[in-house]
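Hi there,

Here is the structure I promised to pass on. Have a look at it first, and then read on for what turned up.

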Amino acid sequence: MKKLLISAVAALALLAAAPLAMADAPKQGGQATVTFNNDLTTLDPQVGYDWQNWSVIKSIFDGLMDYKPGTTELVPDLAESYTVSDDGLTYTFKLRDGVKFHNGRTMTSANVKYSFERAVNPATQSPGGGYFGMIAGYDDVVGGKATTLSGIETPDDKTVIFKLTRPDATFLHLMAINFGYVVPKEEVEKAGADWGKKPVGTGAFKFVEWVPGQSIKLERNKDYFRAGVPYLDGVTFEFGQDPTVAVLRLKKGEIDIVGDGIPPAQFAELMADPANKPLIAEGDQLHTGYVTMNVTQPPFDNVKVRQAVNMAINKDRIVRLINNRGVPASQALPPAMPGYNPDNKGYGYDPEGAKKLLAEAGVGEINTELYVMNVDPNPRIAQAIQQDLAAVGIKAEIRSLAQAEVIAAGGAGKAPMIWSGGMAWIADFPDPANFYYGILGCAGAVEGGWNWSRYCNKALDERATKADAMVKDNQKDARITEWKAIFDDVLKDAPWAPIFNEKRFTYHSERLGGDATLFTDPIHIPVNYDYIYARDAQ
Amino acid sequence: MLHYLARRLAASLLILLGVSIVTFGLTFMIPADPVAMIAGRNSTPQMRDNIRIQLGLDKPIPEQYARYLGRLVTGNLGMSYARKSEVGPLVVSRLPPTLLLMLGAIIAELLIGIPAGIYAATRRGRFADKAAMTLSFVSVSTPQFVLGLTLLYLFAYLWNWFPLGGYGKLSNLILPALTLGLAGGGWYSRMMRSSMIEVLRNDYIRTARAKGMSEWRVTMKHGFRNAILPIVAMIGLDVGIFMSGVVVVENVFGWPGIGQLMWQAIQSLDIPVIMGVTIVAACFIVLGNLIADLVSPLIDPRIRLR
């Protein structure tokens, strides 16, 4: 009874608080300024693939599918609806009525087809073209035998039909990825090599101006097909802003969002000030930091050695080292990812157990190398790992190199161990498959691939392919259960030592409003500019 | 004179050719694969091969260099890997801010170095001299990123005298120009001091003093005009020193010049941009040296060009 009373009081309190919350409802208008250290490379959706341009492109362009803001829940976007055939090989999308490009022309199904062909065409050099390998005709386009995808049909202006060569449960996610965003052919051809600097899309914001090295301006697209958004009248991105300086500028009220995140050196100080609490949004991201162990060469060809490494590393200490900007990882998948197994606790910190396993493995003295990207905090993390390994008798020398050099060493299969920080892996789309094929499957275990452990388990690959063939709605749960089992088996083989799952912290000005999930959107990385708003808008 | 100029120009071209060979060679020594960076983490071996062929990276290295040089002489610096647009216009669009910053730094170092040097020379051995020379030592040894961030924190964040980085107004220029020029200022103050001390020892200075000229007029009219000569000859060489400094200073202050472009290109392994900036910077350094050599005889008749 007492409990009931308390909840009744709580409910009343909530009701009373409601009008207050209403007063802070999103308003139309106002501007926001976001800083980045580096100028953007390109706003070409088929090409752009770094974390500065990723969500700017999302604000200018749209795909057939998208996610509910701040979540990983798929919803139709440029498509109004879609149907999937029983065999999972045909997807039919009905396009929304009256969607216009920023140049005023109506978007049609031909533009959708053109955009996918552009992504796959080798001349575009798209880093994401490989995602569309299941569309019929892909091999011909990549092989230079055709320039159009035979697997995309456009019976009328409002209908797009995709024919696939294999059923693929991730297909709808791929329809939401930047590389498949719809571009107007005439503008691409008119701009030529400058297309990446003069983007024209259908999205919430319209591109206004790019001053190289200095700024990019976007303004609200008044004809955007979703009524009421975006809230902001404009967003300005300023470049060449060192994050340390950007934090000072934000404190002075000159800018609104530090796009690069909070620099490690200022993190503790900013978090310690209670006044900053409402200004720092905290959110999960689909990220895992891990140490790869090359399973094709001794001593890591021995599963016991790999398990021992997993047990030797004190993940809690490393999480403290990064100011608690993450949580210790038990497995390859991050907690926010479907397929994450909360019951699997992974390898606990157990140096004695690690020593015992190493003795059982009988590999003698271990001298190895740990590759790491040379940007803070990664060398510090590598040092912590080095100490932990030394405590169980594994001597690891640290090779601290530029990002491109570590990636090259990993791709060449030369590096015995790599700490993935600063390079891998944040999911491109929220599905467990995105954490498998490229970095744990056989497809990535090749020269130049990203499976730096060179772990290739054919039986698991087969199970993965089978799981992804479960495309029907009623198979969704079974598919995720199977992926869970696959990742449990990966963990038993221990090609990685998962270390932590990074959290994202976005520092923004007081005048910007919006749910914390918008400032740490798992898809619109780092911020979903379409749904945040200015409190001081008139 | 004309003969000398022709010889120097020919030598400059040889230097630039050498620079092109070295930068080209370096890009092959970097243990990283640009194709992997372009193709991204989801690429297949087939996609990577496609890109390698498109960029001509499958050809033998001498042939690649020949193609590169062939494009270079026509002023074509190639296409950026990351931006997929032409490098030439990109570098040119970033040049004016860098040149402006260098000009600002030259003015800053002269404004600091010359008065400090003269002042120290006229008070040789006294406290003021020692203090000025200690400060010059500190300014020469302070790393630019430390100096830049300190100036920003004090003058822009705490005291609001200047904007926190940025580009476009004179007030934006002052702190970065000071950061880039302070070390040179310290250096020049030492040069100016020793040059001034040497000049002030001359007989004509004694004569001037004997005439009853005021000490100020002796120092400025007879001393300064002769002591400044070696410094003027040095300014052209500063271009080379500044070219490396702008990479740091432009990044601290958000200055949109070629230093910032270079830094970003290095991070993304955008080799055509790295090579383009290097070649353009080398041109300016060679030009600066040439001007320094040509100016010397004009201000000091004892130097002859042969």
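A residue counts as buried when its relative accessible area is under 20%. Please keep in mind that this is a predicted model.

Let's begin with strand S10 of chain A, residues 234–238. By that cut-off 5 of its 5 residues are buried, so the strand is largely enclosed by the rest of the structure. Gly234(A), Thr236(A) and Glu238(A) point one way from S10(A), while Val235(A) and Phe237(A) point the other way.

Which strands pair with S10(A)? One is strand S1 of chain A (residues 31–35), which pairs with S10(A) in the parallel sense over 5 bridges. Within that pairing, Gln31(A) has Gly234(A) as its bridge partner. Another is strand S9 of chain A (residues 215–220), which runs antiparallel to S10(A) and is joined to it by 5 bridges. Here Ile216(A) is the bridge partner of Phe237(A).

Now for a pair of helices. Helix H7 (residues 243–251) and helix H8 (residues 264–272), both of chain A, have axes that come within 10 Å and cross at roughly 25 degrees. Angles under 35 degrees count as roughly parallel, so H7(A) is roughly parallel to H8(A). Their crossing is left-handed.

Which residues make the contact between these helices? From H7(A) they are Pro243(A), Thr244(A), Val247(A) and Lys251(A); from H8(A) they are Gln266(A), Glu269(A) and Leu270(A). The residues of this contact divide into 3 nonpolar, 2 polar and 2 charged.

Enjoy exploring it!

Best wishes

Note on methods
Residues are numbered from 1 along each chain as its sequence is written. Chains are lettered from A and ligands numbered from 1 in the order in which they are written. This is a predicted model: local features need pLDDT of at least 70, side-chain atom pairs count only at pLDDT 80 or more; totals for chains, interfaces and linings use all residues. Side-chain values use heavy atoms; hydrogens and water are left out. Axes are lines fitted to C-alpha atoms, for helices over the stretch in contact, and angles run from 0 to 180 degrees between N-to-C directions. Helices (H or I, at least four residues) and strands (E, at least two) are DSSP runs, numbered from the N terminus. Angles under 35 degrees count as roughly parallel, over 145 as roughly antiparallel, 65 to 115 as roughly perpendicular and the rest as oblique. A crossing is left-handed if the near helix is turned anticlockwise from the far one by less than a right angle, and right-handed if clockwise. Contact means heavy atoms within 4.5 Å. Ala, Val, Leu, Ile, Met, Phe, Trp, Tyr, Cys and Pro count as nonpolar, Asp, Glu, Lys and Arg as charged, and the others, Gly among them, as polar. Buried means under 20% relative accessible area, exposed over 50%, partly exposed in between (1.4 Å probe, protein chains only). Two strands pair if DSSP finds at least two bridges between them.
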